[in-house]
There are 4 protein chains.
Amino acid sequence: MLQLSGVFPPVPTAFDADGNLALDQYQENIRRLCDAGVDGVVLLGSNGEYVYLSDEEKLAVIKAGLEAVPDGKLRLVGTGCESTRATVRLSEQAAQLGADAVMVVHPNYYKPLMTRPVLLEHYRTVAKASPAPVVLYSVPKFTGFDLPVDVAAELSQEPNIIGIKDSAGNVIQLQEFLQKCRPGFNVLVGTGSAFLAALSVGVTGGVLALADVAPRECVALYRLCQQGDWANARELQARLLPVNQAVGGYMGIPGVKAGMELVGLYGGAPRLPLLPLPEKDRTALRNILTAAQLL
Amino acid sequence: MLQLSGVFPPVPTAFDADGNLALDQYQENIRRLCDAGVDGVVLLGSNGEYVYLSDEEKLAVIKAGLEAVPDGKLRLVGTGCESTRATVRLSEQAAQLGADAVMVVHPNYYKPLMTRPVLLEHYRTVAKASPAPVVLYSVPKFTGFDLPVDVAAELSQEPNIIGIKDSAGNVIQLQEFLQKCRPGFNVLVGTGSAFLAALSVGVTGGVLALADVAPRECVALYRLCQQGDWANARELQARLLPVNQAVGGYMGIPGVKAGMELVGLYGGAPRLPLLPLPEKDRTALRNILTAAQLL
Amino acid sequence: MLQLSGVFPPVPTAFDADGNLALDQYQENIRRLCDAGVDGVVLLGSNGEYVYLSDEEKLAVIKAGLEAVPDGKLRLVGTGCESTRATVRLSEQAAQLGADAVMVVHPNYYKPLMTRPVLLEHYRTVAKASPAPVVLYSVPKFTGFDLPVDVAAELSQEPNIIGIKDSAGNVIQLQEFLQKCRPGFNVLVGTGSAFLAALSVGVTGGVLALADVAPRECVALYRLCQQGDWANARELQARLLPVNQAVGGYMGIPGVKAGMELVGLYGGAPRLPLLPLPEKDRTALRNILTAAQLL
Amino acid sequence: MLQLSGVFPPVPTAFDADGNLALDQYQENIRRLCDAGVDGVVLLGSNGEYVYLSDEEKLAVIKAGLEAVPDGKLRLVGTGCESTRATVRLSEQAAQLGADAVMVVHPNYYKPLMTRPVLLEHYRTVAKASPAPVVLYSVPKFTGFDLPVDVAAELSQEPNIIGIKDSAGNVIQLQEFLQKCRPGFNVLVGTGSAFLAALSVGVTGGVLALADVAPRECVALYRLCQQGDWANARELQARLLPVNQAVGGYMGIPGVKAGMELVGLYGGAPRLPLLPLPEKDRTALRNILTAAQLL
């Protein structure tokens, strides 16, 4: 079974000034993030504004993105759609284009209808059809509810479902995933502010917006924990906390893009309806990055 | 300004046994609902499973659906997408195909980022581009948050934004929309269980899943209120309440479709990941419809 | 069975400048509210700051308050405490002092533990022990959760439980109480902003903070609805809405007290930790009352 | 400034079969918990059912409880009440009876009114009046909202406010308390399931219902973390997780009491409206304790 461990930045999709795809800049960002030492990338995650892309654009982004990933780095691609059939199709396409695994956010629009049987059937259908292994994806701040632990536990018995990325930032829930899913099931945390705490309880890696802005530091934090140097890990996590509370938190995608720009990567504006980070917040972000020794 | 008053069923999209569009049955449903006396229809609302359709399918549904609506009935089409550009394009297409107005759910995936400026900019851009007038659409049980009253109030000043459909079922909020939006702004309720109460405070109509199953009764309820016959209106609302609590509530779209089937319209299965109504619930629904004198 | 219909102000407990009970002013307020035509009063409701009073103070307030109520008006007293035994004792005392009924908020501190068996056992124990009939009381904005409809329905079968006051402002839930509780069970609404809508669906009265400030207008609204004059009722409700959104809503108890002062009743400060209404809000409230023709 | 570090069980208040205080058993429990190596105790915390006790009973519990604590162990006493004046009085009394610090849950019934100025004024008034230093206490599952980080940060500047116990189990928030409060401010976690993770980010101790049932193991976990032996700490935390998910989680106080009984301490029933743990859950709990090697 594919092992997912280490640091994975969820690469933002790059747009030009007209809101069209900027694939060259996207590829350049991926190359530079990989050069910084991350263990792989996630394309078309929530930070990739996947809900703002047409089907054609998604394929173009996957194709360009996967091309840019150097050998030896893991290639994860977000392929969750609201309908099962669209999710199956995009997962097939992503696998054909070279994805090592697909990351599938659960359908979430009809929240009260997303019952246990619905979620089980959806993921089983996707897992059976997808040539690439499936990683479950729970991000309640966007979807409005957690993927229940017992659903994930049952799905972990499917041979082609290999892990879960949980962005709730709840270490208790992360421990429950670790205990109730089959041994070896990959549990990744999706919140940079909880990275150290998640590693302390046994999580093996993170998909971190923080790693879009501070890839080296995230990798360093991961290594300190692996070496058992928790005192220095704690200090580094504390230093990074305000950065992630901004870019991974209240500033959101506009903040991630502004932060990338400030550290020398391509940023650009998000796609409408998202608005670029206001100038005032950009100044605040610069100060935060400076205080964290990232500038 | 277009006046929206009376009863508007949000027509479910019809699928065949393979999950493909069943446009003939869809058209037949529309004709029969209109024959039952409703004032118009809403295509591609939340009950239309619009999030499960591809772009091509949406156009096919709009085209077929609008063709089936008899003259003299209002044609509303849901065109909200997550991105502003997709919403603009679909609104243009719907208008070209003959929509009288477009109903635009606010973008909602990135919940914490859907701030006042983002929502204002989104709707203004759509309103400026759309040839057909725009109706705002708030449905917190699916989107996770209410469209704020002050945002709607400000948007009601835009010439091409003519109303709001609010499915929260909160009569206090409905009164606030009535008070704070410009005079004549159309305020529609989106919950059959609150139809009488909403009409009592001045709302002029409803987009009601209940009207997919009980169109005649919804129209009768509306007329009783218009005539000031509140005693009989109350009795009718009480009779319909359990029906709507089922089909508009905990049974959701599978319940609406099963209910339509039971009253002689085309039902069919919802599209995956939604599952058909379980047999046990179908029996319960039959009893509810019988008790409400709909069978 | 005692019938609860009409308008019941939840009288705020009066304090002097040192935060001690001001019973003379309290009695005078009660007399004047009753003179204004209300059908009875509620002592020690949430607006009575009952959670800030010692056991001795509660008894003093009940004694003084009940003395001040003229004959022919209903006397309801809030006696809910967290523990069953304290609730029983206070209900006994209130009955001995002359309460016509006791209004019992459900225990709520240990929210996840307030299961169906716990709530049923609590209310049954209180109902068996209380000499005065019991009114259930649900106020989720303070307790954090609704008293479930099915729990109320089951409790409505107890001979000594005669009604429910529901302050959620949710007309759908009010209709469910009306349908599922035994015939004749008193269902009162606890939100002035939803008074007309609640009456439209069959609720028989209201416990309204709005009636502390505008007792005559609340009574007039109730009578218009009884006479079937919905057009004028709607106009009056619309006029009162901004008043209630302030005093019954975002301004809370400090707003109710400031509003009472502005209309010529005794107001005074709430007890700490509540702070008096800030001067800025007091000015806003004066303008709201003037616009509503209450000044 | 008083340093709070290590493990503090929040001792349940012991009742006899009639629901009256069982002070001898209470004292015996305290002695045995202290013998097991904990660093101190919390009397009248949420697990102490403080909301179910009369004023007289609270004093009796404090007096008896403090007497039983051996020298060298810290004595914390919960003294939060809804009103500022009651909180001040009880804090004074607890200090006179020998409390080393008082733990003050914020007032919480009037949730929307518990604004920043209200909370600041409340705590400052209590801190000025209390002879014993004050520990803030946030427990959103019971109070319905978190004590905001910025309020705690500002209060940490008060000389007589020395720490916070946060039971939210949110490690990100714990890190924010550590960063934004004055240096040396004591930050304690209130959830056994998050103990290891909280220690990993710099929290210095825990007030853990888990420690009522497994005091030795909690102390061992704390020491492993202090020694930097995170591998064994993780294993122990994983072993204890199911125990805490039961007694600190869905089983609540009835579960804590049943668990104490199973490990040989005095349990007894909680006070009504809380019901004793059902027999079925008691069997489940026994199995959980056995699996965790606590029986």
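1. A:Pro273 sits in the chain A loop that runs between helix 12 (252–262) and helix 13 (279–291), helices being DSSP runs of H or I with at least four residues and strands runs of E with at least two, both numbered from the N terminus. The peptide bond joining A:Leu272 to A:Pro273 is cis, with omega about 15°. In chain D, the bond from D:Leu272 to D:Pro273 is likewise cis, omega being near 15°.

2. This is a predicted model, in which local features need pLDDT of at least 70, side-chain atom pairs count only at pLDDT 80 or more, and totals for chains, interfaces and linings use all residues. Residues are numbered from 1 along each chain as its sequence is written.

3. Chain A can be laid on chain B by a turn of 180° and a shift of 0.0 Å along the axis, with an RMSD of 0.0 Å, the superposition being by least squares on the C-alpha atoms of residues with pLDDT of at least 70 in both copies. The two copies are therefore related as by a two-fold rotation axis, and in chain A the C-alpha nearest that axis belongs to A:Gly144, at 3.0 Å.

4. Two residues other than glycine deserve a check of phi. A:Leu44, in the loop between strand 3 (40–43) and helix 2 (55–68) of chain A, has a positive phi of about 60° and is buried at 2% relative accessibility. B:Gln293, in the segment after helix 13 (279–291) of chain B, has a phi near 60° but is exposed at 55%; buried means under 20% relative accessible area, exposed over 50%, and partly exposed in between (1.4 Å probe, protein chains only).

Notes:
Chains are lettered from A and ligands numbered from 1 in the order in which they are written. Side-chain values use heavy atoms; hydrogens and water are left out.
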